[in-house]
Amino acid sequence: MLIEVVNLKKYFGSGVFKKSKIKAVDGVSFEIGRNETFALVGESGCGKSTVGRCVLDLIRPTDGQVRFKGMNISGMNEVPHDIRKRIQAIFQDADGTLNPRMKVFDLMMEPYRINGLNNGQGKKKVADLMEMVNITPDLLGRYPHELSGGQRQRIGIARAMALNPEFIVADEPAASLDLSVQAQMLDLMKKFQAEHDVGYLYISHNLKIVKLMADRVAVMYLGKLVEVGKTGDVFNCAKHPYTQALISAIPVHNTRAGRKRILLKGDVPSPLNPPAGCRFSTRCPYCEKKCRTEEPILVGDKHIVACHLR
Ligand SMILES: Nc1ncnc2c1ncn2[C@@H]1O[C@H](COP(=O)(O)OP(=O)(O)OP(=O)(O)O)[C@@H](O)[C@H]1O
Ligand SMILES: [Mg+2]
(Lines give C-alpha, C1' and ligand atoms only; values in the text may rest on other atoms or scores of the structure.)
(Ligands and ions follow the chains in the order given, each with its own letter.)
Protein backbone atom coordinates (compact mmCIF):
# COMPACT_ATOMS: atom_id res chain seq x y z
CA MET A 1 0.00 0.00 0.00
CA LEU A 2 1.28 3.46 -0.87
CA ILE A 3 -0.27 5.45 1.98
CA GLU A 4 -1.88 4.11 5.14
CA VAL A 5 -3.47 6.43 7.65
CA VAL A 6 -4.16 4.58 10.87
CA ASN A 7 -6.45 5.98 13.57
CA LEU A 8 -5.13 9.48 12.98
CA LYS A 9 -5.90 12.11 15.61
CA LYS A 10 -4.99 15.77 15.67
CA TYR A 11 -6.07 17.93 18.59
CA PHE A 12 -5.28 21.62 18.78
CA GLY A 13 -5.10 23.51 22.08
CA SER A 14 -7.66 26.26 22.38
CA GLY A 15 -8.27 29.19 24.70
CA VAL A 16 -5.77 31.26 26.64
CA PHE A 17 -4.18 28.32 28.42
CA LYS A 18 -4.69 25.89 25.51
CA LYS A 19 -6.47 23.64 27.95
CA SER A 20 -9.54 22.82 25.91
CA LYS A 21 -8.94 20.76 22.82
CA ILE A 22 -10.21 21.24 19.29
CA LYS A 23 -10.57 17.71 18.00
CA ALA A 24 -9.92 18.59 14.37
CA VAL A 25 -9.25 14.96 13.38
CA ASP A 26 -10.46 12.28 15.72
CA GLY A 27 -9.60 8.74 14.64
CA VAL A 28 -9.43 8.61 10.85
CA SER A 29 -8.16 5.56 8.92
CA PHE A 30 -7.83 4.92 5.19
CA GLU A 31 -5.46 3.51 2.59
CA ILE A 32 -4.50 4.80 -0.83
CA GLY A 33 -2.84 2.71 -3.51
CA ARG A 34 -0.69 3.51 -6.54
CA ASN A 35 -2.56 5.05 -9.41
CA GLU A 36 -5.52 5.69 -7.14
CA THR A 37 -7.34 8.95 -6.43
CA PHE A 38 -8.91 9.00 -3.00
CA ALA A 39 -11.12 12.01 -2.30
CA LEU A 40 -11.84 13.52 1.08
CA VAL A 41 -15.03 15.58 1.17
CA GLY A 42 -17.08 17.38 3.81
CA GLU A 43 -18.12 20.82 4.99
CA SER A 44 -15.72 23.59 5.87
CA GLY A 45 -13.91 22.95 9.15
CA CYS A 46 -14.52 19.19 9.28
CA GLY A 47 -10.76 18.49 9.31
CA LYS A 48 -9.87 17.69 5.69
CA SER A 49 -6.84 19.95 5.44
CA THR A 50 -5.62 18.82 8.83
CA VAL A 51 -5.57 15.23 7.56
CA GLY A 52 -3.69 16.43 4.47
CA ARG A 53 -1.14 18.35 6.52
CA CYS A 54 -0.50 15.30 8.71
CA VAL A 55 0.03 13.13 5.61
CA LEU A 56 2.49 15.73 4.29
CA ASP A 57 4.25 15.78 7.67
CA LEU A 58 3.71 19.54 7.91
CA ILE A 59 2.20 18.90 11.33
CA ARG A 60 2.58 15.93 13.64
CA PRO A 61 -0.46 13.90 14.68
CA THR A 62 -1.57 13.81 18.31
CA ASP A 63 -2.00 10.07 17.90
CA GLY A 64 -2.13 7.43 15.18
CA GLN A 65 0.15 6.87 12.22
CA VAL A 66 0.81 7.93 8.66
CA ARG A 67 2.66 5.21 6.75
CA PHE A 68 4.29 5.60 3.37
CA LYS A 69 5.07 2.25 1.73
CA GLY A 70 4.97 0.65 5.14
CA MET A 71 7.26 3.21 6.82
CA ASN A 72 5.73 5.06 9.74
CA ILE A 73 6.75 8.57 8.69
CA SER A 74 4.75 10.26 11.45
CA GLY A 75 6.89 8.40 13.97
CA MET A 76 10.27 9.39 12.51
CA ASN A 77 12.30 12.12 14.23
CA GLU A 78 12.94 13.58 10.84
CA VAL A 79 11.69 12.24 7.53
CA PRO A 80 14.74 11.70 5.27
CA HIS A 81 14.88 13.96 2.23
CA ASP A 82 14.66 11.13 -0.31
CA ILE A 83 11.39 9.97 1.24
CA ARG A 84 10.01 13.47 1.70
CA LYS A 85 10.48 14.37 -1.96
CA ARG A 86 8.33 11.42 -3.01
CA ILE A 87 5.32 13.01 -1.30
CA GLN A 88 4.34 16.37 -2.76
CA ALA A 89 1.52 18.88 -2.38
CA ILE A 90 -0.68 21.04 -4.57
CA PHE A 91 -2.58 23.74 -2.69
CA GLN A 92 -5.46 25.96 -3.65
CA ASP A 93 -3.38 29.05 -3.42
CA ALA A 94 -0.16 28.37 -5.30
CA ASP A 95 0.50 32.04 -4.76
CA GLY A 96 1.23 31.50 -1.10
CA THR A 97 3.81 28.81 -1.87
CA LEU A 98 5.69 30.64 -4.66
CA ASN A 99 8.48 32.95 -3.57
CA PRO A 100 7.43 36.40 -4.89
CA ARG A 101 11.06 37.37 -5.48
CA MET A 102 11.80 34.44 -7.79
CA LYS A 103 11.17 34.41 -11.52
CA VAL A 104 9.28 31.58 -13.18
CA PHE A 105 12.43 29.91 -14.51
CA ASP A 106 14.00 29.83 -11.05
CA LEU A 107 10.78 28.62 -9.48
CA MET A 108 10.68 25.73 -11.93
CA MET A 109 14.40 25.08 -11.53
CA GLU A 110 14.31 25.11 -7.74
CA PRO A 111 13.24 21.49 -7.18
CA TYR A 112 16.04 20.27 -9.45
CA ARG A 113 18.60 22.58 -7.90
CA ILE A 114 17.73 21.30 -4.45
CA ASN A 115 18.52 17.87 -5.83
CA GLY A 116 21.95 18.91 -7.01
CA LEU A 117 21.38 19.61 -10.72
CA ASN A 118 23.05 22.71 -12.17
CA ASN A 119 21.30 25.16 -14.50
CA GLY A 120 22.59 23.36 -17.61
CA GLN A 121 21.32 19.95 -16.51
CA GLY A 122 18.10 21.43 -15.21
CA LYS A 123 17.23 23.40 -18.37
CA LYS A 124 16.19 20.37 -20.36
CA LYS A 125 14.04 19.16 -17.48
CA VAL A 126 12.42 22.56 -17.06
CA ALA A 127 11.63 22.57 -20.80
CA ASP A 128 9.89 19.18 -20.49
CA LEU A 129 8.01 20.40 -17.46
CA MET A 130 6.92 23.57 -19.24
CA GLU A 131 5.54 21.57 -22.08
CA MET A 132 3.64 19.31 -19.73
CA VAL A 133 1.91 22.15 -17.89
CA ASN A 134 1.67 24.38 -20.93
CA ILE A 135 3.85 27.27 -19.75
CA THR A 136 5.26 29.22 -22.69
CA PRO A 137 8.89 30.50 -22.75
CA ASP A 138 7.78 34.14 -22.62
CA LEU A 139 6.63 33.58 -19.04
CA LEU A 140 10.02 32.40 -17.76
CA GLY A 141 11.25 35.90 -16.93
CA ARG A 142 8.16 36.95 -15.01
CA TYR A 143 7.51 37.12 -11.30
CA PRO A 144 4.51 35.31 -9.74
CA HIS A 145 2.48 38.54 -9.43
CA GLU A 146 2.82 39.05 -13.19
CA LEU A 147 0.95 35.81 -13.90
CA SER A 148 -2.70 34.84 -13.93
CA GLY A 149 -4.07 32.61 -11.18
CA GLY A 150 -4.27 29.70 -13.61
CA GLN A 151 -0.64 30.15 -14.68
CA ARG A 152 0.49 30.33 -11.07
CA GLN A 153 -1.47 27.18 -10.28
CA ARG A 154 0.15 25.35 -13.20
CA ILE A 155 3.58 26.35 -11.93
CA GLY A 156 2.64 25.04 -8.50
CA ILE A 157 1.65 21.76 -10.13
CA ALA A 158 4.83 21.65 -12.20
CA ARG A 159 6.90 22.07 -9.06
CA ALA A 160 4.98 19.29 -7.33
CA MET A 161 5.47 16.98 -10.31
CA ALA A 162 9.10 17.90 -10.98
CA LEU A 163 10.71 15.27 -8.83
CA ASN A 164 8.54 12.36 -9.92
CA PRO A 165 6.62 12.01 -6.67
CA GLU A 166 4.79 8.79 -5.92
CA PHE A 167 2.08 10.50 -3.95
CA ILE A 168 0.47 13.94 -4.09
CA VAL A 169 -1.86 15.64 -1.63
CA ALA A 170 -4.04 18.06 -3.60
CA ASP A 171 -5.94 20.37 -1.25
CA GLU A 172 -8.67 22.24 -3.18
CA PRO A 173 -6.32 22.53 -6.16
CA ALA A 174 -9.02 23.79 -8.51
CA ALA A 175 -10.99 26.06 -6.19
CA SER A 176 -9.60 29.39 -7.35
CA LEU A 177 -9.70 28.64 -11.07
CA ASP A 178 -12.40 29.30 -13.63
CA LEU A 179 -14.08 26.35 -15.28
CA SER A 180 -11.94 26.04 -18.40
CA VAL A 181 -8.67 26.34 -16.49
CA GLN A 182 -10.04 23.93 -13.90
CA ALA A 183 -10.70 21.35 -16.62
CA GLN A 184 -7.16 21.75 -17.98
CA MET A 185 -5.68 21.29 -14.55
CA LEU A 186 -7.72 18.18 -13.81
CA ASP A 187 -6.73 16.72 -17.19
CA LEU A 188 -3.12 17.41 -16.37
CA MET A 189 -3.41 15.64 -13.03
CA LYS A 190 -5.06 12.63 -14.67
CA LYS A 191 -2.46 12.45 -17.42
CA PHE A 192 0.36 12.64 -14.91
CA GLN A 193 -1.27 9.89 -12.88
CA ALA A 194 -1.66 7.61 -15.89
CA GLU A 195 1.99 8.09 -16.83
CA HIS A 196 3.54 7.85 -13.41
CA ASP A 197 1.19 5.67 -11.38
CA VAL A 198 1.01 8.34 -8.72
CA GLY A 199 -1.55 8.20 -5.91
CA TYR A 200 -3.63 11.26 -5.01
CA LEU A 201 -5.33 12.42 -1.86
CA TYR A 202 -7.82 14.84 -3.40
CA ILE A 203 -9.35 17.22 -0.85
CA SER A 204 -12.35 19.23 -1.96
CA HIS A 205 -15.89 20.25 -1.21
CA ASN A 206 -16.71 20.37 -4.88
CA LEU A 207 -18.56 17.09 -5.32
CA LYS A 208 -18.94 17.56 -9.05
CA ILE A 209 -15.17 17.50 -9.48
CA VAL A 210 -14.75 14.69 -6.99
CA LYS A 211 -17.17 12.57 -9.02
CA LEU A 212 -14.97 13.10 -12.09
CA MET A 213 -11.63 12.62 -10.40
CA ALA A 214 -11.91 10.09 -7.62
CA ASP A 215 -11.79 6.30 -7.59
CA ARG A 216 -12.94 6.24 -3.99
CA VAL A 217 -14.53 8.85 -1.76
CA ALA A 218 -14.43 9.38 2.00
CA VAL A 219 -16.99 11.66 3.63
CA MET A 220 -15.83 13.48 6.74
CA TYR A 221 -17.94 15.09 9.45
CA LEU A 222 -16.51 16.84 12.52
CA GLY A 223 -13.18 15.03 12.51
CA LYS A 224 -14.46 11.56 11.65
CA LEU A 225 -15.17 9.58 8.51
CA VAL A 226 -18.85 8.69 8.20
CA GLU A 227 -18.81 6.88 4.85
CA VAL A 228 -16.16 5.47 2.50
CA GLY A 229 -16.67 3.68 -0.78
CA LYS A 230 -16.13 3.55 -4.51
CA THR A 231 -17.13 6.85 -6.13
CA GLY A 232 -20.01 5.27 -8.04
CA ASP A 233 -21.37 3.54 -4.95
CA VAL A 234 -21.16 6.65 -2.77
CA PHE A 235 -22.79 8.90 -5.37
CA ASN A 236 -25.43 6.45 -6.56
CA CYS A 237 -26.39 4.84 -3.29
CA ALA A 238 -25.19 6.99 -0.43
CA LYS A 239 -25.90 5.29 2.87
CA HIS A 240 -25.20 7.97 5.46
CA PRO A 241 -27.83 10.71 5.88
CA TYR A 242 -25.04 13.28 5.81
CA THR A 243 -23.69 12.00 2.49
CA GLN A 244 -27.23 11.97 1.12
CA ALA A 245 -27.66 15.59 2.12
CA LEU A 246 -24.34 16.62 0.55
CA ILE A 247 -25.17 14.85 -2.69
CA SER A 248 -28.66 16.27 -2.82
CA ALA A 249 -27.15 19.75 -2.64
CA ILE A 250 -25.10 19.34 -5.86
CA PRO A 251 -26.66 21.67 -8.40
CA VAL A 252 -28.25 19.84 -11.32
CA HIS A 253 -29.24 21.33 -14.66
CA ASN A 254 -32.14 19.00 -15.27
CA THR A 255 -34.55 20.01 -12.53
CA ARG A 256 -37.24 17.73 -13.95
CA ALA A 257 -35.22 14.78 -12.72
CA GLY A 258 -37.24 15.41 -9.59
CA ARG A 259 -34.47 15.23 -7.08
CA LYS A 260 -35.33 16.63 -3.72
CA ARG A 261 -32.81 18.68 -1.87
CA ILE A 262 -32.30 17.63 1.72
CA LEU A 263 -31.72 20.72 3.83
CA LEU A 264 -29.59 20.26 6.89
CA LYS A 265 -30.84 21.92 10.03
CA GLY A 266 -28.61 24.23 12.04
CA ASP A 267 -24.87 24.73 11.89
CA VAL A 268 -21.99 22.32 12.15
CA PRO A 269 -21.37 21.89 15.91
CA SER A 270 -18.05 23.06 17.32
CA PRO A 271 -15.16 20.58 17.26
CA LEU A 272 -14.35 21.90 20.75
CA ASN A 273 -17.43 20.23 22.04
CA PRO A 274 -18.73 17.62 19.62
CA PRO A 275 -22.17 16.08 20.32
CA ALA A 276 -22.29 12.83 22.29
CA GLY A 277 -23.25 9.68 20.42
CA CYS A 278 -23.31 10.20 16.67
CA ARG A 279 -21.73 13.55 15.85
CA PHE A 280 -24.30 14.11 13.15
CA SER A 281 -27.25 13.45 15.49
CA THR A 282 -27.97 17.16 16.13
CA ARG A 283 -28.67 17.71 12.43
CA CYS A 284 -29.85 14.31 11.26
CA PRO A 285 -33.43 14.10 9.98
CA TYR A 286 -33.66 10.45 11.11
CA CYS A 287 -32.11 10.80 14.58
CA GLU A 288 -33.32 8.29 17.18
CA LYS A 289 -32.66 8.00 20.89
CA LYS A 290 -29.70 5.65 20.48
CA CYS A 291 -28.02 8.09 18.09
CA ARG A 292 -27.67 10.68 20.87
CA THR A 293 -25.92 8.34 23.27
CA GLU A 294 -24.02 5.67 21.35
CA GLU A 295 -21.33 6.45 18.83
CA PRO A 296 -21.75 4.43 15.62
CA ILE A 297 -18.65 2.72 14.19
CA LEU A 298 -17.76 2.23 10.55
CA VAL A 299 -19.09 -1.08 9.32
CA GLY A 300 -19.13 -2.80 5.95
CA ASP A 301 -16.68 -4.30 3.54
CA LYS A 302 -15.96 -2.18 0.48
CA HIS A 303 -18.64 0.44 1.12
CA ILE A 304 -18.47 1.34 4.79
CA VAL A 305 -20.73 3.59 6.81
CA ALA A 306 -21.03 4.75 10.43
CA CYS A 307 -24.75 5.01 11.13
CA HIS A 308 -27.05 3.18 13.57
CA LEU A 309 -29.90 3.20 11.09
CA ARG A 310 -28.15 1.34 8.26
N1 LIG B 1 -3.36 25.36 13.76
C2 LIG B 1 -4.60 25.27 14.27
N3 LIG B 1 -4.89 25.67 15.54
C4 LIG B 1 -6.12 25.57 16.05
N5 LIG B 1 -7.17 25.07 15.38
C6 LIG B 1 -6.98 24.66 14.11
C7 LIG B 1 -5.69 24.75 13.49
N8 LIG B 1 -5.80 24.26 12.23
C9 LIG B 1 -7.09 23.90 12.07
N10 LIG B 1 -7.80 24.14 13.20
C11 LIG B 1 -9.23 23.85 13.42
O12 LIG B 1 -9.43 22.48 13.10
C13 LIG B 1 -10.68 22.31 12.43
C14 LIG B 1 -10.45 21.66 11.08
O15 LIG B 1 -9.78 22.56 10.22
P16 LIG B 1 -9.38 22.17 8.73
O17 LIG B 1 -8.60 23.30 8.17
O18 LIG B 1 -8.73 20.85 8.73
O19 LIG B 1 -10.79 22.08 8.01
P20 LIG B 1 -11.16 21.82 6.48
O21 LIG B 1 -12.07 20.64 6.43
O22 LIG B 1 -9.93 21.77 5.66
O23 LIG B 1 -12.02 23.13 6.11
P24 LIG B 1 -12.10 23.96 4.73
O25 LIG B 1 -13.00 23.18 3.84
O26 LIG B 1 -12.70 25.26 5.16
O27 LIG B 1 -10.71 24.10 4.19
C28 LIG B 1 -11.33 23.68 12.38
O29 LIG B 1 -12.21 23.81 13.47
C30 LIG B 1 -10.14 24.62 12.50
O31 LIG B 1 -10.53 25.83 13.08
MG1 LIG C 1 -9.16 22.99 4.10
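1. Strand S2 (20–32) and helix H1 (48–55) each contribute at least two residues to the shell around ligand 1. Helices (H or I, at least four residues) and strands (E, at least two) are DSSP runs numbered from the N terminus. H1 gives the most to this shell, namely four residues.

2. The basis of the note is as follows. This is a predicted model, in which local features need pLDDT of at least 70 and side-chain atom pairs count only at pLDDT 80 or more, while totals for chains, interfaces and linings use all residues. Residues are numbered from 1 along each chain as its sequence is written, chains are lettered from A and ligands numbered from 1 in the order in which they are written, and side-chain values use heavy atoms, with hydrogens and water left out.

3. The shell of ligand 1 holds 14 residues, of which Ser-44, Gly-45, Lys-48, Ser-49 and Thr-50 come nearest. A residue is near a molecule or strand if one of its heavy atoms lies within 4 Å of it. By class, the shell comprises five nonpolar, six polar and three charged residues. Here Ala, Val, Leu, Ile, Met, Phe, Trp, Tyr, Cys and Pro count as nonpolar, Asp, Glu, Lys and Arg as charged, and the others, Gly among them, as polar.

4. Polar atoms of the protein approach oxygen atoms of ligand 1 at several places. For Cys-46, a backbone N or O atom lies 3.3 Å from a ligand oxygen; for Gly-47, a polar backbone atom is 3.0 Å from one; and for Lys-48, a polar side-chain atom lies 2.8 Å from one. The protein covers 65% of the 640 Å² of accessible area that ligand 1 has on its own. Accessible areas come from the Shrake-Rupley method with a 1.4 Å probe, and for residues only the protein chains shown count as cover. A polar contact is a pair of N or O atoms within 3.5 Å; within protein, one must be able to donate a hydrogen and the other to accept it, and residues adjacent in sequence count only if both atoms are side-chain atoms.

5. Thr-50, one of the residues that come nearest to ligand 1, is found in helix H1. Thr-50 counts as buried because its relative accessible area is 10%. Buried means under 20% relative accessible area, exposed over 50%, and partly exposed in between (1.4 Å probe, protein chains only). Not counting residues up to four places away in sequence, Thr-50 touches Lys-10, Phe-12, Ala-24, Val-25 and Ile-59. Contact means heavy atoms within 4.5 Å.

6. Asp-57 is found in the loop between H1 and strand S4 (63–68). With 13% relative accessibility, Asp-57 is counted as buried. Its side chain makes a polar contact of 2.8 Å with the side chain of Arg-84. Leaving out residues up to four places away in sequence, Asp-57 touches Val-79 and Arg-84.

7. Helix H5 (residues 119–133) has 15 residues and spans 20 Å from its first C-alpha to its last, close to the 21 Å expected at 1.5 Å a residue. The expected span of a helix is 1.5 Å times one less than its number of residues. At the start of H5, a side-chain oxygen of Asn-118 comes to within 3.1 Å of the backbone nitrogen of Gly-120. Just after H5, Asn-134 takes a positive phi of about 60°.

8. Within H5, Gly-122, Val-126, Leu-129, Met-130 and Val-133 are buried. The buried residues of this helix pack against helix H4 (104–114), helix H6 (149–161) and helix H7 (179–196).

9. Gln-151 lies in helix H6 and is buried, at a relative accessible area of 18%. Its side chain reaches the backbone nitrogen of Ser-148 at 2.8 Å. Apart from neighbours within four places in sequence, Gln-151 is in contact with Ile-135 and Leu-139.

10. Lys-191 is found in helix H7 and is partly exposed, at 45% relative accessibility. Lys-191 and Met-132 are 59 residues apart in sequence and 9.5 Å apart from C-alpha to C-alpha.

11. Two further residues deserve a look for their backbone angles. Asn-7, in strand S1 (residues 3–14), has a positive phi near 45° and is partly exposed at 37% relative accessibility. Asp-197, in the loop between H7 and strand S8 (199–203), has a positive phi near 60° and is partly exposed at 33%.
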